[in-house]
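Let's walk through this model together, one stop at a time.

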Amino acid sequence: MSELKVIHEKAECLYGNYDRKGELQHQTHYCPGCGHGVAHKLLAEVIDELGIRDRVILVSPVGCSVFAYYYFDVGNVQVAHGRAPAVATALKRSHPESIVITYQGDGDLAAIGSAEIMHAANRSECYTALFVNNAIYGMTGGQCAPTSLLGDKTTTTPFGRTTANDGYPLKVSELLSALDGPVFIERGGLGNAKQILQTKRAIKRALETQMKGLGFSLVEMLSPCPTIWKMDPVDAQRHVREVLAPIYPIGNKLDRTKDRAPRAAAPPPPPLSELPRILKLPVAPTDAPVELVKPDSEYRIKIAGFGGQGVLLLGQLIAEAGMDDGLDVSWLPSYGPEMRSGTSNCHVRLSTKHVDSPLVSRPNVLIALNEPSLRKFIATVDTGGLVLYNGDSIPTDCIRTDITMQALPFASIADELGSPKVANIVVLGAFLAATNALPLAVVDRAMARVVKGEKWLEIDRRAMARGIAEMQSTEVKVHV
Amino acid sequence: MFATAIEEEIDIKGYVEINTDECKGCGLCVEACTTKVLSLSPCLNRYGYHTATNSDKPCNGCGLCFYVCPEPGAIKVFKAVN
Amino acid sequence: MPKQLIKGNEALMKGAILAGCRGFYGYPITPANEITEAAAYYLPQVGGTFLQAESEVAAINMVYGASSAGVRCMTASSGPGISLMAEGISYLAGSELPCVIADITRGGPGLGNIAPEQSDYFQVVKGGGHGCYRTLVLAPACAQEMADLTYLAFDLADQYRTPAVILADGFIGQMMEPVEFTLAARAPRLPEWAVDGTASTRRNLISSIYLQPDDLEKHIRMLEAKYARMAHNETRWENYKTDDAEIVFVGYGISSRILKSVVEMMRARDIRAGLLRPITLFPFPSDELRRLAGQAERFFVVELSTGQMVEDVRLAVEGRCPVEFYGRCGGNAPSAEEIFEEVFAHV
Ligand SMILES: Cc1ncc(C[n+]2csc(CCOP(=O)(O)OP(=O)(O)O)c2C)c(N)n1
Ligand code: SF4
Ligand code: SF4
Ligand code: SF4
């Protein structure tokens, strides 16, 4: 006497009752004969066979399979039309131990989500994509898909798909196989039991590829849509075998499982106590300056020149030193379109009071490193202000008598020092000498923090000293 | 999971059980079964489908009907083991 | 605590990492790039994920994925990118997924330019995506707040399970100011609703679908109640010399900084001026504006736009007193002197 053993039944990772479904909770929502049901069944069996149910995160698309999460007793995430590869990318990267599976139709994957799938594949994101190609938009009622065949009459190609109007059927598996990233790509069919069993093996291999951490895997399935194709289910299956398969050849397209090494696991994160160091948060200086009561001061500085003159760095150094000196400061760069045309300027404020607006509209210090900058801003300088100009003399039509103006050939001085790049630091020295805005020791310390490399620091120190000397010899002294 | 075979038919190789609540009568199992075990019932189930039903032809437990069936729980296949 | 002179954008990212942000998915755009670049530099060092996506569409959906996975995560962009993210933001709101979106605004419409504007108020505060949803919107006005409000945004996003937006203009993102980091480093957390590929979370579902009209209405009403709770508990603003103000300026971000100068100029001339600076744009400090409407003679709203937030000010004030507006756009910012003159131009 023999016994009958159950060899095939509903997979364990499918819910016994589809509680998430509103009605008819014991049936899927798919049409009779629809390939989605078969694809679900295959995926479910493979998940059971591999024993990975608890680790699986299934990403449901938009399309007829939008409700895949009704059925699979796994972690579920439902996403926007076509975006499953992007969502899967982050899911997997967030939890590398999870098994991430996307499920997408041809409209979802090959049309609206074509950019996302291409890049996920190219990055070889370590997840598994199931691609159900029924050559039509099912859910929205039969519009043309990128995979619809030439001549197909759909609701949006009522006279048949033509190459002239709609281009060619898109061969996704071949296309993605041309990339260097993906590891395993196979096209299967759901056109008869033989194709279906072959497809199941492909799904298993794809998931094993992911479990080994090798990278991107995809299984395309040519799938019947009897409803939209207006065929009975048996004819629709035949259509898969006899009409779709010749255009979209079934078989393995790419297998790099032997060549690709598993991804290295990420190192464990550092302890939280390390964060301040990693984030380069400031530590208390050992030689913190004693807080002195300072007389009120208020510098509204505009620095302007052309790109490469170190305008922004000069401003930053003044602001850094101002901060160290206990002043409130702000530094605002111009970064708009003018940056592209080569001019550059920044607004710096130093104040013993709270800095309200970081924008300097009426500067009391203008540092103009070229003539156009001088012309552009000279009228905005506040009465009693200071102008430092990079040149031998101030152009006569720019001379104002209600302000202090000093021309110095900063660029030539820098050349003399052997580095045209330090002209801005010569200016810094001149500015400090002219205004006494900041203690030199404080500026020196800020410079040591901002300037990278001993060699540069050394040149900068010489440049600053030179700037101070040049300015002192001119007898201009301004207190703002 | 085991079920006892019908005792008289000792040479039975397989058996399929159709869940008539899940079956949508698509007929793919009927088409797939090489030994013509299955057919669509002339009767309708409560949703209005002609569900699949077993005939008196012997089933060999090959499972092909199971794989072509789009409803995950519509078919259960039993196979004889000694 | 010593201070550090850094750009608002960089301060924002440091604040985010201290808040426990361990996922950043973005696409380059000026003037938000320093955020993305700081994320690329720091996140891999703290065990986080940085990925430059193929587009903002992908980036926001990666944020959707990371948030579903229970990771504190964010993205950063500017107007053109936020336009592309609208779909994803709606999905995030519908699925109740927390995340932070930094929007460092520039000039529009279209490609516009990269100079600062505040012209994306409608886009960010009023929606942008489809459906009845709101996002929490915080508007920093200095580099310090770029760090502090981002840190807060992560907490509020979690608390209310909602996307939170940091809306800052290009000036606030690009300028350097001293920032003090007193924020405690937070450990990454895993919320119980997350889907992380483990047995204990297997029954979790992230979705924005409610197929039946009654179910969807219930969901929308629940969101509505949540937004009302946010309005009740999370409305934030700053009063600057409004106690006796007859003229109340209203501005956020860089405008509020310029307006402080204007207030000072006016006070120096014995004009009783004050500033109401909204810190949250949604929820909007309507009640406070209504209160001030009882005392002020006029409101004067300044934005780097042709007038967007001013509509909310008018709605709040409900005609109790005149609400005037002055805006510059295209990347131009008004000077304090210019606003000062404008205030009296029509008197
Ligand atoms: C942004 C957006 N555009 C359009 C739609 C409408 N829509 C829903 S499903 C679908 C096509 C689905 O086709 P496919 O991916 O082939 O899946 P199928 O239904 O055939 O399984 C479209 C266009 C949408 N939901 N979202
Ligand atoms: S319309 Fe087509 S793809 Fe959609 S459920 Fe029906 S048969 Fe399946
Ligand atoms: S198991 Fe094989 S023989 Fe038995 S009914 Fe199914 S297809 Fe036919
Ligand atoms: S294949 Fe499945 S659904 Fe279709 S008739 Fe057979 S049992 Fe029923």
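Start at ligand 1, where one of the oxygen atoms sits 2.8 Å from a polar backbone atom of A:Cys64. That pair is a polar contact (N or O atoms within 3.5 Å; within protein, one must be able to donate a hydrogen and the other to accept it, and residues adjacent in sequence count only if both atoms are side-chain atoms). An oxygen of ligand 1 is also 2.9 Å from a polar backbone atom of A:Gly107, and an oxygen lies 2.9 Å from an N or O atom in the side chain of A:Asp106. On its own, ligand 1 would expose 590 Å², and the protein buries 77% of that. Such areas come from the Shrake-Rupley method with a 1.4 Å probe, and for residues only the protein chains shown count as cover.

A quick word on what you're looking at: this is a predicted model, where local features need pLDDT of at least 70 and side-chain atom pairs count only at pLDDT 80 or more, while totals for chains, interfaces and linings use all residues. Residues are numbered from 1 along each chain as its sequence is written, chains are lettered from A and ligands numbered from 1 in the order in which they are written, and side-chain values use heavy atoms, leaving out hydrogens and water.

Back to the ligand. In total, 17 residues surround ligand 1, and the closest are A:His36, A:Cys64, A:Gly107, A:Asp108 and A:Gly138. To count as near, a residue needs a heavy atom within 4 Å of the molecule. Which chains do these residues come from? They come from chains A and C, so the site is shared between chains. Helix H4 (residues 106-112) of chain A gives the largest share of this shell, four residues. Helices here are DSSP runs of H or I with at least four residues, strands are E runs of at least two, and both are numbered from the N terminus. Sorted by class, the shell around ligand 1 has six nonpolar, eight polar and three charged residues. In this sorting, Ala, Val, Leu, Ile, Met, Phe, Trp, Tyr, Cys and Pro are nonpolar, Asp, Glu, Lys and Arg are charged, and the others, Gly among them, are polar.

Now hop over to ligand 3, which has residues of chain B around it, including B:Cys33, B:Cys59, B:Cys62 and B:Cys65. This shell has eight nonpolar, four polar and no charged residues.

While you're there, trace chain B itself. Along the sequence the pattern runs β-β-α-β-β-α-β, and 44% of the 82 residues count as buried. Buried means under 20% relative accessible area, exposed means over 50%, and partly exposed is in between (1.4 Å probe, protein chains only). In the loop between helix H1 (28-32) and strand E3 (38-40) you'll find B:Lys36. This residue has a positive phi of about 55 degrees although it is not a glycine, and at 47% relative accessibility B:Lys36 counts as partly exposed.

Phi of A:Ala135 is near 60 degrees, a positive value in a residue other than glycine. At 3% relative accessibility, though, A:Ala135 counts as buried. Also in chain A, ten of the eleven residues of helix H3 (residues 84-94) are buried, so this helix is largely enclosed by the rest of the structure.

How do the chains meet? Of the two pairs of chains in contact, chains A and C share the most contacts, where a contact means heavy atoms within 4.5 Å. No contact joins chains B and C, whose closest C-alpha atoms lie 20 Å apart.

Finally, look inside. In soluble globular proteins, nonpolar side chains tend to be buried together. Leaving aside neighbours within four places in sequence, C:Val313 is in contact with residues including C:Phe284 and C:Phe299.
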